[in-house]
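Trainee: Please pick one part of this model and go through it closely with me. I would like to see how it sits among its surroundings.

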Amino acid sequence: MRRLIFVIVLLFSLSAGFASGWVALPALRSASSLADLREDYRADYVLMTAEIFAADGDIQAGTDRLRELDADSPTTAALLAAAYARQAGYPETDQALLMDLARAMQAYLPVELDGTP
Amino acid sequence: MSARGGNLYILTAAILGLTAGLLASVAIWPVRPAASSPRELSTVGQNAYRILIARAYNASGDSGRASSRLTLLDDGGSAAALSAQAQQALAAGHPLDEAEALARLASALGASQPGSTPATLAVSVELPTASSTQAPEAAASIPTAAQPAETHTPVPASPTASRTPTTVHASATPTADQPTPSLTPPPASGSSFTLLERSTECERTLERLLRVEIQDRQGNAFPGQGIEISGSEGLQVFYTGLKPRAGSGYADFRMQPGGVYNLRLAAGSETVASLTAPVCRAADGSTYEGSVLVIFKEK
């Protein structure tokens, strides 16, 4: 009986601990990183990278910037941003910049995407 | 007593569970917001975002878009925050072009915020190998914009976003090895600017001030240009555009009493040698050191 009560109390207090850490103590949460940016902000980040790439043509620097969004596949970050820009109706000049960057990234670090947008 | 001892296992379970749950939720599996805005980024993330905005501005020349992007950050897009970050980047030994990009954007925004409240920014830049008690002085009055509310629609989503390409001028890349203190700066890789004027002025308010103005080919003010100055304190760098009220192509440096300096532009110019404040006589017969004015123009 004691063991059962011990387990029940332990589970309740464990749940309370998780709730405190995730909900009641938001100040203790880690600050978000660039990888946590919302999709539209991610697209803007990639667009800035594309604007810089269009001016300097430095694909390695562009790759390093995109790794901040997706450490495993910066190319995927570029492709997804290009797709988002098309869906969201970005100006054609911006879409072209993103497509140029995505193409350059695909040539530099090719990836295969299932259901590529 | 025995009842308390008998219930101790409940307290133990509660403390164990709470501690384990709290630690796991904070340290091991912290909650990350599924989708953040730039304002929710860490300080490091916001600084990286700000640098990217500045570099994108340098690439596209679209200050309106850069300004909109900056409003997404904590500082709300103030020129002072950009200048402060430029200063920190230089002090931390980050690439010179990073500081230049930030300074140029700060200058562009400072010039476009005429109705804003001026904020004082002291810029002190000293290269690592230079041992000095004096630093370039650029007490800039940078206007800061009123903090705009965050918009939840990112900048590029707006189909009306403007794009006004402008010429981006090449700038010198910093050398990996900084020279030791010397009166003679190392030779520039090329000469992009020509000396237009070198003069002295006797004015109390400009005492010992070395003033530099840089113009582009059209004679317009040229912000974000690095100016290397060497003297007994070593080699130091300061930038145009950090005093928007004096002009975006203007920078100044407070000389030491009796100091002698050589000056040239980081982007390439002839070296202006043996600069020293002139000895002036006031109306009451006392003497003071006046100012020096040097003007460069892009070739």
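Mentor: Happy to! Let's start with a tool: a helix axis here is a line fitted to C-alpha atoms over the stretch in contact, and angles between N-to-C directions run from 0 to 180 degrees. The model is predicted, so local features need pLDDT of at least 70 and side-chain atom pairs count only at pLDDT 80 or more, while totals for chains, interfaces and linings use all residues. Residues are numbered from 1 along each chain as its sequence is written, and chains are lettered from A and ligands numbered from 1 in the order in which they are written.

Our part is helix α4 of chain A, residues 74-88. Its chain has five helices and zero strands, giving the pattern α-α-α-α-α along the sequence. (Helices are DSSP runs of H or I with at least four residues, strands are runs of E with at least two, and both are numbered from the N terminus.)

Begin with the length of α4(A). (The expected span is 1.5 Å times one less than the number of residues.) Just past the end of α4(A) comes A:Gly89, whose phi is positive, about 75°.

Next, look at which residues of α4(A) are tucked in. In the opening stretch of α4(A), the buried residues include A:Pro74, A:Thr75, A:Ala77 and A:Ala78. Further along α4(A), A:Leu79, A:Leu80, A:Ala81, A:Ala82, A:Tyr84 and A:Ala85 are buried too. For the background, 38% of the 117 residues of chain A count as buried.

What do the buried residues of α4(A) pack against? They meet three helices of chain A: α2 (39-56), α3 (59-67) and α5 (92-108). Contact here means that the C-beta atoms of two residues, placed from the backbone, lie within 7 Å. Across chain A, among contacts between residues at least 6 apart in sequence, 66% join residues at least 24 apart.

Now zoom in on one of these neighbours. The axes of α3(A) and α4(A) are 8 Å apart, and the helices pack at an angle of about 85°. The pair is therefore roughly perpendicular (65 to 115 degrees; under 35 is roughly parallel, over 145 roughly antiparallel, the rest oblique). From α3(A), the contact uses A:Thr63, A:Leu66 and A:Arg67, and from α4(A) it uses A:Pro74, A:Ala77 and A:Ala78. By class, the contact of α3(A) with α4(A) has four nonpolar residues, one polar and one charged. (Ala, Val, Leu, Ile, Met, Phe, Trp, Tyr, Cys and Pro are nonpolar, Asp, Glu, Lys and Arg charged, the others, Gly among them, polar.)

Finally, step back to the partner chain. The contact between the chains takes 47 residues from chain A and 41 residues from chain B. On the chain B side, α2 (8-28) and α3 (43-60) are the elements that give two or more residues. Of these, α2(B) makes the largest share, with 14 residues. That side of chain B holds 28 nonpolar, nine polar and four charged residues.

Methods. Buried ≥ 20, exposed ≤ 12 C-beta atoms within 10 Å, placed from the backbone.
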